[in-house]
Amino acid sequence: LTTTPPGLSVTVPYDGSTTVPPHPAPYAVAATVTSSGYTGNASDTLVISPRTFENWSETVFTPQQILAADAMSGADPDKDGLVNLAEYALGADPNAFTPLPPLSVDGSSFSITFQRPAFTGITYGAQAGSELLGWSDLSLEVLSPGTDPETVRATFVLPDPKPVRSFIRLTFEP
């Protein structure tokens, strides 16, 4: 906010709350000057738009990267094995190395655990299989509901008899 003269104290409630809103929605804003000897107020609507892959890519890539197609959803400009859509879905930096989500294995199952930011527009999934064809969908278990980011785990229970090899993967759909 700017005031005339500059630096005056101002209160700004968002729909009546002094807490800055974190979620996409329209919020009624009413600013009031609270400095002694000055008066003034203004009101408007603050609209927080949902984060999308497109507006995210405009903030994390330079114009040169965008022109060079490094901002495309299937590009991997940092060469870490995670394409930009995966970096976005995991809340990672596409211009710096991102380690793969951790796997855990025991005698009867294995699982992958990842962080899921509170973005809209992405559908998360996990699949497993004993070959690289014929994937089976897995359930996602939210380990930390209501947090941002949420910790999510997908577990594959090994069939009996156990296959020689098994695979697990995350999927992200815009």
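Which residues do ring pairs link into a cluster? They are Phe53, Trp56, Phe61 and Tyr88.

## Basis

The model is predicted, so local features need pLDDT of at least 70 and side-chain atom pairs count only at pLDDT 80 or more, while totals for chains, interfaces and linings use all residues. Residues are numbered from 1 along each chain as its sequence is written, and side-chain values use heavy atoms, with hydrogens and water left out.

## Aromatic pairs

Rings of Phe, Tyr and Trp (its six-membered ring) are paired if their centres lie within 6.5 Å; planes under 30 degrees apart count as stacked, over 60 as edge-to-face and the rest as tilted. By this rule the count comes to seven aromatic pairs. One of them, Phe53 with Trp56, is tilted, at 5.5 Å centre to centre and 40 degrees between the planes. About one helical turn separates Phe53 and Trp56, because they are three residues apart in helix α1 (residues 53-60). Helices (H or I, at least four residues) and strands (E, at least two) are DSSP runs, numbered from the N terminus. Phe53 and Trp56 are both buried, where buried means under 20% relative accessible area, exposed over 50% and partly exposed in between (1.4 Å probe, protein chains only).

The ring planes of Tyr124 and Phe172 stand at 90 degrees with centres 5.7 Å apart, so this pair is edge-to-face. The pair links distant parts of the chain: Tyr124 belongs to strand β6 (residues 123-129) and Phe172 to strand β10 (residues 167-173), 48 residues apart. Both Tyr124 and Phe172 are buried. Arg116 lies over the face of Tyr124, at 5.5 Å from the ring centre; a charge sits over a ring if NZ of Lys or CZ of Arg is within 6 Å of the ring centre and within 35 degrees of the ring normal.

## Strands β2 and β3

Strand β2 (residues 25-33) runs antiparallel to β3, and eight bridges join the two; strands pair if DSSP finds at least two bridges between them. Ala28 stands opposite Thr45 in β3. Strand β3 (residues 41-48) is hardly covered, since the count of buried residues among its eight residues is zero.

## Pro77

Pro77 lies in the loop between α2 (63-67) and α3 (84-89). Pro77 has a relative accessible area of 23% and is therefore partly exposed. Leaving aside neighbours within four places in sequence, Pro77 is in contact (heavy atoms within 4.5 Å) with Phe61, Asp70, Asn84, Pro94 and Asn95. The C-alpha atoms of Pro77 and Ser17 are separated by 41 Å, the two residues being 60 apart along the chain.
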